[in-house]
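Let's take a friendly walk through this model together. Please have a look at the sequence and the fold before reading on.

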Amino acid sequence: MPVTFQAFTGDAATRSRYWARSLIGWRRFGRAQPNGTHAALAELEANGRIEVLLTQNVDGLHQAAGSRNVIDLHGRLDRVRCLSCERRIPRADFQRELEQCNPSWSELDALDAPDGDADLEALDFSTFAVPDCAACGGLLKPDVVFFGENVPGDRVERAIAHLDRADAMLVVGSSLMVYSGFRFARAAARAGKPVAAVNLGRTRADDLLTLKVTGDCAATLEAATALLNCRTALPLSRLRERAG
Ligand SMILES: [Zn+2]
């Protein structure tokens, strides 16, 4: 069960449990690397094909792959935010704080295993100490949108402004089942812009799509990128023929 915003902000025991699991899970999270899809999208942006990359992921892997113009719709798991003063700190710094406050928990390396989550359930979370904001004493929360929490309005407006400038929308590897993402496909379709999707299964926007590719995202995007690179190279070669 995912933690809701209401449970996290309203209940200290929920926060202790969340951060204790996060302390151990973070080591795995920190090891994730960008894949072929991330790389292909970064290349499309480098070639001037992307107005903005709007992602529902919270792992920062698009930026790690080289994408620059990214809107993290649901925030970033590698940042922690103070709900009182809005100060943001790197999650890696907060990891050190958590370890310093909970030395016995930081030694639980054995739990970093496939069945680690099950093993964790046997632990007493009430002994886990959660530091407050060092600046104001406020409540710290991962800088991601929790269930029961809205995407910040300015973030939605920024995405809509980019959508206005774009001539099409490409959905990659999302079923768009969550409304916060689906609404942009609907807005694009309403504005008369073509919407395409690459996804292995069905999407909530299937009847809005101009083009649907049912397939592996990395393979599809790598093929599309290669094709686009050939096309942009063609006029150059003709120029050279003329020059010769
Ligand atoms: Zn604060």
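Residues 24 or more positions apart make up 64% of the protein chain's contacts with a separation of 6 or more, a contact being heavy atoms within 4.5 Å. This is a predicted model, in which local features need pLDDT of at least 70, side-chain atom pairs count only at pLDDT 80 or more, and totals for chains, interfaces and linings use all residues. Residues are numbered from 1 along each chain as its sequence is written, and side-chain values use heavy atoms, leaving out hydrogens and water.

Of the 244 residues in the protein chain, 37% are buried, meaning under 20% relative accessible area with a 1.4 Å probe, protein chains only.

Now to the metal. Which residues donate to the zinc ion? The protein donors (N, O and S atoms within 2.8 Å of the metal, or 3.2 Å for Na, K and Ca) are listed here.

| Donor residue | Atom | Range for the four donors |
|---|---|---|
| Cys-82 | SG | 2.3 to 2.4 Å |
| Cys-85 | SG | 2.3 to 2.4 Å |
| Cys-133 | SG | 2.3 to 2.4 Å |
| Cys-136 | SG | 2.3 to 2.4 Å |

The arrangement is tetrahedral because the 4 donor atoms subtend angles of 101 to 115°; for four donors, that label requires all angles to lie between 85 and 135 degrees. In sequence, the donor residues follow the spacing C-x2-C-x47-C-x2-C. Distant parts of the chain are linked here: Cys-82 belongs to strand β3 (residues 75-82), and Cys-133, 51 residues apart from it, to the loop between α7 (116-120) and β5 (140-144). Strands are DSSP runs of E with at least two residues, and helices are runs of H or I with at least four, numbered from the N terminus. Cys-82 and Cys-133 are both buried.

Definitions and conventions:
Four donors count as tetrahedral if all angles lie between 85 and 135 degrees; four count as square planar and six as octahedral if opposite donors are over 155 degrees apart and all others between 65 and 115; anything else is irregular. Buried means under 20% relative accessible area, exposed over 50%, partly exposed in between (1.4 Å probe, protein chains only).
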